[in-house]
There are 4 protein chains.
Amino acid sequence: SKNFFLLAGPCAIEGEEMALRIAEKIVGITNKLEIPYIFKGSFKKANRSRIDSFTGIGDEKALKILKKVSETFDVPTVTDIHEVSDAAMAAQFVDVLQIPAFLVRQTDLVVAAAETGKVVNLKKGQFMSPESMKHAVTKVTDCNNNQVLITDRGTMFGYQDMIVDFRGIPTMKQFAPTVLDVTHSLQQPNQSAGVTGGRPEMISTIARAGIAVGVDGIFIETHFDPKNAKSDGANMLDLSLLEKLLTDLVAIRKTVNAL
Amino acid sequence: SKNFFLLAGPCAIEGEEMALRIAEKIVGITNKLEIPYIFKGSFKKANRSRIDSFTGIGDEKALKILKKVSETFDVPTVTDIHEVSDAAMAAQFVDVLQIPAFLVRQTDLVVAAAETGKVVNLKKGQFMSPESMKHAVTKVTDCNNNQVLITDRGTMFGYQDMIVDFRGIPTMKQFAPTVLDVTHSLQQPNQSAGVTGGRPEMISTIARAGIAVGVDGIFIETHFDPKNAKSDGANMLDLSLLEKLLTDLVAIRKTVNAL
Amino acid sequence: SKNFFLLAGPCAIEGEEMALRIAEKIVGITNKLEIPYIFKGSFKKANRSRIDSFTGIGDEKALKILKKVSETFDVPTVTDIHEVSDAAMAAQFVDVLQIPAFLVRQTDLVVAAAETGKVVNLKKGQFMSPESMKHAVTKVTDCNNNQVLITDRGTMFGYQDMIVDFRGIPTMKQFAPTVLDVTHSLQQPNQSAGVTGGRPEMISTIARAGIAVGVDGIFIETHFDPKNAKSDGANMLDLSLLEKLLTDLVAIRKTVNAL
Amino acid sequence: SKNFFLLAGPCAIEGEEMALRIAEKIVGITNKLEIPYIFKGSFKKANRSRIDSFTGIGDEKALKILKKVSETFDVPTVTDIHEVSDAAMAAQFVDVLQIPAFLVRQTDLVVAAAETGKVVNLKKGQFMSPESMKHAVTKVTDCNNNQVLITDRGTMFGYQDMIVDFRGIPTMKQFAPTVLDVTHSLQQPNQSAGVTGGRPEMISTIARAGIAVGVDGIFIETHFDPKNAKSDGANMLDLSLLEKLLTDLVAIRKTVNAL
């Protein structure tokens, strides 16, 4: 009950088999550890740096897979939307609509998500301060939708790096429950090559710090075979490492709860 | 002929009278100084930090005013688009479609703009390196549209400030003609208050440096009454200062051309 | 034995009475919590931003007070040095010589500290990467002194702010035991006014994150009356808050040790 | 008379022959272009990132070479100092004492330089705002020495890069004549390897921008064989390129003077 919650799954829905396989594994772990769980998967990838990057298997096909995951394992699901018209469409299939970090300043998109009545997960822009997320949250609540989450995925530091500013967690918790995205916040955009790198060996470091400072949720992209995943392979956690990671985080959470 | 070109106008189209008044003034100056001129005006403001900010007078109404400016003064026009569906709509009224900095990683939007056959002006994301703009340009040219511009509007420096990295100008000129936005690059987002400030007294400094390093164009938001403008008043140049600014830039340009 | 250690005390030695009073209080707490403790105090402040800032009570006078604290409470002491000639002088009175962040690239100073045979505490420059501290450590070990500590005090983020990059902790632990300075890393240099501000309410946040990611030690500047301290009042922890802070950190440390 | 002045020479004094050879070449160019010239050379390099880097040929030997350059070509000279005791020593041989960027917050050092009565050239710390240089200048003028220069050498941007913030030039000119160091401001510290890289092809870009925004002086490290120089080879300008660079800058300066 006082545990953190988890948003986790693959970067993109590549197909039904992989989605169900990943969900099954995570559901098993989170049930055991009593972690409330929301399955995550993108139905399309709209903001690739290169035009030849993987963008998806088809919108409706991917959304139906998200629905199937939800029904099969009785878990809520989250996906990200990129245009106003995505909001109503995705809302038919998922429980949480996520606004990507690059798009969180797009008022029309945030309002469209809010008006579906679904939970809205606002990713903090890499170019935004924690304080400025207050205005993004207000855009949702002004639509009479009080179900808002904020997710931190790091802040731009020079052209090729990002840092998580942990001072932002208590700041943003004043506005809405706050999630730490421990995989994207380790991205290191190699902007010349157009392929993003990362430091997955640091996932445990960033996640432990997040739990210690009181995040409400953890966001993790994970795959049973990150190297062969169709997007963001450099940042995803190998699924075989998830149980140990979450077990450690639960232990720290229990200690922090008791302080 | 070897002069720089100018994209200039108000932040937002607030009405026909103000648009024509601003255009007339700038056309007079640019004709005298032999500066190729493109009238700029946003038909809506979609990425305000606060939901109570001004967003526009109506899309079609504003676009028709842009068309009227074009016909009245025989100048091309530029406006920014925020969703895929904006591209075809705006292309009926203007000559240049501009992709806002926050949205330049949205492949669908860039492709939609490119497919109209209009000139596409890609603003460098505040979170992007000059090198990474190569990929954005390629998304346009891969659609068989070779009319691309890049516009630099500064790079995030801490939460509350932006810096123009002039090393980026020669770098981006390798990919496409490169414009320097001398008003937005001086923004200082006061992210707590949700109202962006600026340092308009520095416009001349940044513009001179841009011309000295060889920018192909200059982008300026300007208004006859910046303090009462409905958006971005803190950054716009007072229209009464434009002629002196451009005269100085032309002088530097001529010197640089002769080196 | 597996607990973290603590470097703590006032920013500057303002006099004997205040030094003994602060030391007595901290010794009481750290004995109870079984935290190895090193008393910290600067014998002069050489890098003030303004010439009218407090610089000290006299070098030898302050160093003798450090010695007296050490003898009275049987604890080691640490002070920072700013010139080559400080090294041998300070080494007569204290156990750990600290190289300030601004000076950690000064080879002569680091070598002079190393050659005293004392423990050398190298503060990471606000302008340096965690990786680059390897070279600073090597300068000490090349003098046949293997007693080196690294202390992180945050990294410059824009002109007015600093961020702690927690990825740096595991990185720097590869080179030497690594300490987190939880008070200076919250500084916000108001560089126009020349007086540094801070966010002391965030000390617990930063400290908990540090313990969660495995720092070997914690560095805290503390005073019974921060507002009336002669330097760095804006960042020091009120001494009355220290016991609760350390008690919480010990609890997290025990959990992390058991993972 | 209204031209900019030049501080230029090799990074380090490697010997008499190379110093005289470089000085002769630059004196010839600056006489022709009517640029007031100050010969620059370091008598030791105290802030190397690695202990095995070149540090100098001997303090007095190098200072005597600076003196000889001054007498041979009737030009003033500048060198950088790192400790209080360097100030009086170097003042016997040179006309301008330079405070390195890392050390500009060291009050004792700045005061020692000021008290020699020589011109003091304060390099802006890579971690400092332009505004904050006001306090450094005041430390000199409070010693009744009004001969102060400020030199910008870029501002840290992420761990591996620096940017010149040209807004800083008019800001710092309010405090003292302001110089732009066009070679060090292009450094890219590869902090893992401990060897600093650079982008010498950008020297002309940065220098032109500096002249366009009104810098009072230009600082250039130059060598007839940068690749074989004993320090900072990656950033120095090849001496054979100096005349063309300065000729271009003089042309822009004349235009700017006339605006």
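How much area do chain C and chain A bury between them, and what share of it is on carbon and sulfur atoms? I worked on a predicted model, in which local features need pLDDT of at least 70, side-chain atom pairs count only at pLDDT 80 or more, and totals for chains, interfaces and linings use all residues. Side-chain values use heavy atoms, without hydrogens and water, residues are numbered from 1 along each chain as its sequence is written, and chains are lettered from A in the order in which they are written.

**Entry 1, chains C and A.** I found that the two chains bury about 2400 Å², 68% of it on carbon and sulfur atoms (accessible area, 1.4 Å probe, lost on being put together and summed over both parts). I noted that I163(C), R167(C) and L259(C) supply 29% of the area that chain C buries against chain A, more than any other three residues. I counted 30 residues of chain C in contact (heavy atoms within 4.5 Å) with 30 residues of chain A. Because 100% of the interface residues of chain C are also interface residues in chain A, the copies meet through the same surface.
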